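Biologist: Please examine the model below with me, beginning with the surroundings of a ligand and then turning to the packing of the fold.

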Amino acid sequence: MAPPPNAFNRLSGLVDRFGRVATDLRVSLTDRCNLRCTYCMPEEGLAWLPNEQQLTDDEVVRLVRIAVELLGVSEVRFTGGEPLIRRGLVGIIQACAALRPRPRLSVTTNGIGLQRLAVPLRDAGLDRVNVSMDTLDPQRFHELTRRDRHADVLAGLRAAAAAGLTPVKINAVLMQGVNDDEAASLLRFALDHGYELRFIEQMPLDAQHRWDRHTMVTADDILASLAGFHLEPDAVSRGTAPAETWVVPGYTALDGGPARVGVIGSVTRPFCGDCDRTRLTADGQIRNCLFATEESDLRGLLRSAASDETIAAAWQTATLGKRAGHGIDDPSFLQPDRPMSAIGG
Ligand code: SAM
Ligand code: SF4
């Protein structure tokens, strides 16, 4: 007998219609943030999710457990908003590190608070961090993030390195006339400290809808700015990773391996065909793509005593609807209602 349409299929994991399998889960732990990066949020912040709509720590851990045990997820990244302001973060990491098979666990953070949290997070089972830092200039940082916290980010990076949360990666978004003159100096800084720098093309996911294709700094622009470095194509296959990477001879990363730099050309060099991501928002919605315009509600299922298998089946159904690509270049492209900070970048 054929299974009913929404039955859980233990063998297929999170497969979509194009045969892509999602094994990398991004969990947003909050839509709130202690910075106001101009390309992400307006100065006054956003209408935050009411507390009762946010998943509790236990609900987050249950969904991660279902993803890992029933759906084949092997990589879990916690993000936001700013994940370090989630009070239960250390406990969530600890519970996720106890899952079997143990997923690899990472956090994407603006680095504020990492000085205090790096060791507790490592002890709880966190494997590594990405710290976002778009400039080396404290004054420019203040203008770009609307907060005077550059020193905290630098301290967070040092603490992550000292705690062994390696590779410590730095995410940087370049914008014309704001910080596009810093590509080379950011790379020099990263190489000197053993951090791995990743440039990310700015995407149309800002709450203010100010993104402009014509003024964005492209992967080609970034690579042209790095012409003074001797970058060698990376022998390690890119696989499903979004970043194209290069090795920088003569430098070593914190773990003793070769130094690398990456460029994530989400807009001009899309990698949708290899995408292995699935996303969970802080209010329990599954998004099969950053640019999805539809979501699937798991919170309602969680709170109506649904079984693990029923929730897993709903997640599988949500994955089937994943589109082939983000379609930013299509005339019909619509920016999703949720901004990056509420999806989980
Ligand atoms: N608050 C944390 C942080 O800044 O790392 C985690 C959330 S933030 C949304 C995750 C990443 O998304 C950051 O590296 C940030 O620079 C990036 N980001 C935010 N808005 C973006 C946009 N419109 N285009 C590209 N990257 C963006
Ligand atoms: Fe906050 Fe991260 Fe958005 Fe900056 S990019 S406002 S740190 S969520």
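Biologist: Which residues are around ligand 2?

Modeller: The model is a predicted one. A residue belongs to this set if one of its heavy atoms lies within 4 Å of the ligand. Around ligand 2 stand Cys33, Leu35, Cys37, Cys40, Gly81 and Asn110.

Biologist: How many residues of the shell around ligand 2 are nonpolar, polar and charged?

Modeller: Gly counts as polar and Cys as nonpolar in this classification. The shell around ligand 2 therefore divides into 4 nonpolar, 2 polar and no charged residues.

Biologist: How is helix H1 oriented relative to helix H9?

Modeller: The axes of H1 (residues 57–71) and H9 (residues 308–320) come within 10 Å and cross at roughly 80°. Angles of 65 to 115 degrees count as roughly perpendicular. H1 is therefore roughly perpendicular to H9.

Biologist: What is the make-up by class of the contact of H1 with H9?

Modeller: H1 contributes Arg62, Leu63, Arg65, Ile66, Ala67, Leu70 and Leu71, while H9 contributes Asp308, Glu309, Ile311, Ala312, Trp315 and Gln316. By class, the contact holds 8 nonpolar, 1 polar and 4 charged residues.

Biologist: Which are the edge strands of the open sheet of 12 strands?

Modeller: The sheet has mixed pairing and the order E7-E8-E9-E6-E5-E4-E3-E2-E1-E10-E11-E12. An edge strand pairs on one side only, and the two are E7 (232–233) and E12 (296–297).

Biologist: Which residue in E12 does Ile286 stand opposite?

Modeller: Strand E11 (residues 285–287) and E12 run antiparallel and are joined by 2 bridges. Opposite Ile286 stands Ser296.

Note on methods:
Residues numbered from 1 in each chain as written. Chains lettered and ligands numbered in written order. Predicted model: local features only at pLDDT ≥ 70, side-chain atom pairs only at ≥ 80, totals over all residues. Heavy atoms only, no water. Axes fitted to C-alpha atoms, helices over the stretch in contact; angles between N-to-C directions. Helix = DSSP H or I, 4+ residues; strand = E, 2+ residues; numbered from the N terminus. Parallel < 35°, antiparallel > 145°, perpendicular 65-115°, else oblique. Contact = heavy atoms within 4.5 Å. Pairing = 2+ DSSP bridges.
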